[in-house]
Amino acid sequence: MTDRTRLLAPGVTFRPAELADAPSFAAALTRNRDYMRRWEPVRPAFFYSVEGQSTRLTALLADRDAGRSMPWVLADAEERVIGAFTLSAIERGPFRNGRLGYWVDADHAGRGLATAAVGAVCDEARDLLGLHRVEAATVTDNGPSQRVLAKAGFEQIGTAPGYLHIYGLWRDHHLFQRLLHDDLPIG
């Protein structure tokens with residue numbers, strides 16, 4: 001385990017994503033395709049391939065290196081990806097904000113892993129990235145995700161009509177935020 005790896009539950013770790021995770025991401029996303037379909041954009045077949053995930057991870061890691069994103073994975077005891085958590089659109093200056101997106105494998109849902117991982121994301125956003133705020137959005141009928149956010153200390157701040165193109169339609173989303181601290185923005 002590296003110093004950036006956390007044990008969230010017996011046999012489940014939370015750690016930064018790596019390019020070497022591409023095959024495991026492809027397998028997990030393929031395995032969960034039907035389960036996550038209602039909450040995701042329509043994706044081309046290439047997205048579910050190892051090459052598609054290598055391309056996606058290469059871009060995410062370049063954004064991480066530029067300070068614009070931070071991707072993490074949940075991994076089981078065999079280091080297989082069973083979930084992903086990403087802060088994207090990271091902004092500095094007076095805003096100090098990041099947008100959170102996440103998913104957990106259907107076979108591991110309902111065990112508190114998403115709530116624990118969202119808490120870990122918020123800890124790293126505050127302590128490592130120096131962010132003041134994390135925002136998230138859920139399709140209005142995604143009750144499980146809304147419960148995760150509420151348990152992790154997020155508050156609903158509004159509803160955005162036609163916010164994202166999900167499952168083939170422009171879907172309304174509830175908007176959430178968690179304020180991490182009240183310190184002055186530095187840097």
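Is F47 buried or exposed? F47 counts as buried, because its relative accessibility is 15%; buried means under 20% relative accessible area, exposed over 50%, and partly exposed in between, with a 1.4 Å probe and protein chains only. The model is predicted, so local features need pLDDT of at least 70 and side-chain atom pairs count only at pLDDT 80 or more, while totals for chains, interfaces and linings use all residues. Residues are numbered from 1 along each chain as its sequence is written, and side-chain values use heavy atoms, with hydrogens and water left out.

We start with the core. A nonpolar core is a set of buried Ala, Val, Leu, Ile, Met, Phe, Trp, Tyr and Cys residues joined through side-chain atoms within 4.5 Å. The largest one has 31 residues, of which L74, F85, L87, L100, V118 and F154 touch the most other members. At least two residues of this core come from each of strand 2 (12-16), strand 3 (70-75), strand 4 (81-91), strand 5 (97-104), helix 4 (113-127), strand 6 (133-139) and helix 5 (143-151). Helix 4 supplies the largest share, eight residues. Helices (H or I, at least four residues) and strands (E, at least two) are DSSP runs, numbered from the N terminus. Leaving aside residues up to four places away in sequence, F154 touches residues including L100, V118, C122 and L149, where contact means heavy atoms within 4.5 Å. A second, separate core of 14 residues includes A22, L29, Y48 and L60.

Next comes helix 4. Eleven of its 15 residues are buried, so the helix is mostly covered. Among them are L113, V118, C122 and E124. The expected span of a helix is 1.5 Å times one less than its number of residues. For the 15 residues of helix 4 this gives 21 Å, and the end C-alpha atoms are 21 Å apart, which agrees.

Strand 5 and strand 6 pair in the parallel sense over four bridges; two strands pair if DSSP finds at least two bridges between them. N97 has R133 in strand 6 as its bridge partner. From strand 5 the chain crosses through helix 4 to strand 6, and this β-α-β crossover is right-handed: with the strands pointing away from the viewer, the path from the first strand over the helix to the second runs clockwise. Strand 6 also pairs with strand 8 (residues 169-179), in the antiparallel sense over seven bridges. There, T138 stands opposite H174. Because six of its seven residues are buried, strand 6 is largely enclosed by the rest of the structure.

The last topic is the aromatic rings. Rings of Phe, Tyr and Trp (its six-membered ring) pair if their centres lie within 6.5 Å; planes under 30 degrees apart count as stacked, over 60 as edge-to-face and the rest as tilted. The whole structure holds five aromatic pairs. F14 and W72 are stacked, at 5.5 Å centre to centre and 25° between the planes. This pair links distant parts of the chain, since F14 in strand 2 and W72 in strand 3 are 58 residues apart. F14 is buried at 0% relative accessibility, and W72 is buried at 1%. The rings of F47 and Y48 have centres 5.2 Å apart and planes at 80°, so that pair is edge-to-face. Y48 is buried, with a relative accessible area of 15%. One aromatic cluster is formed by F14, W72, F85 and Y102.
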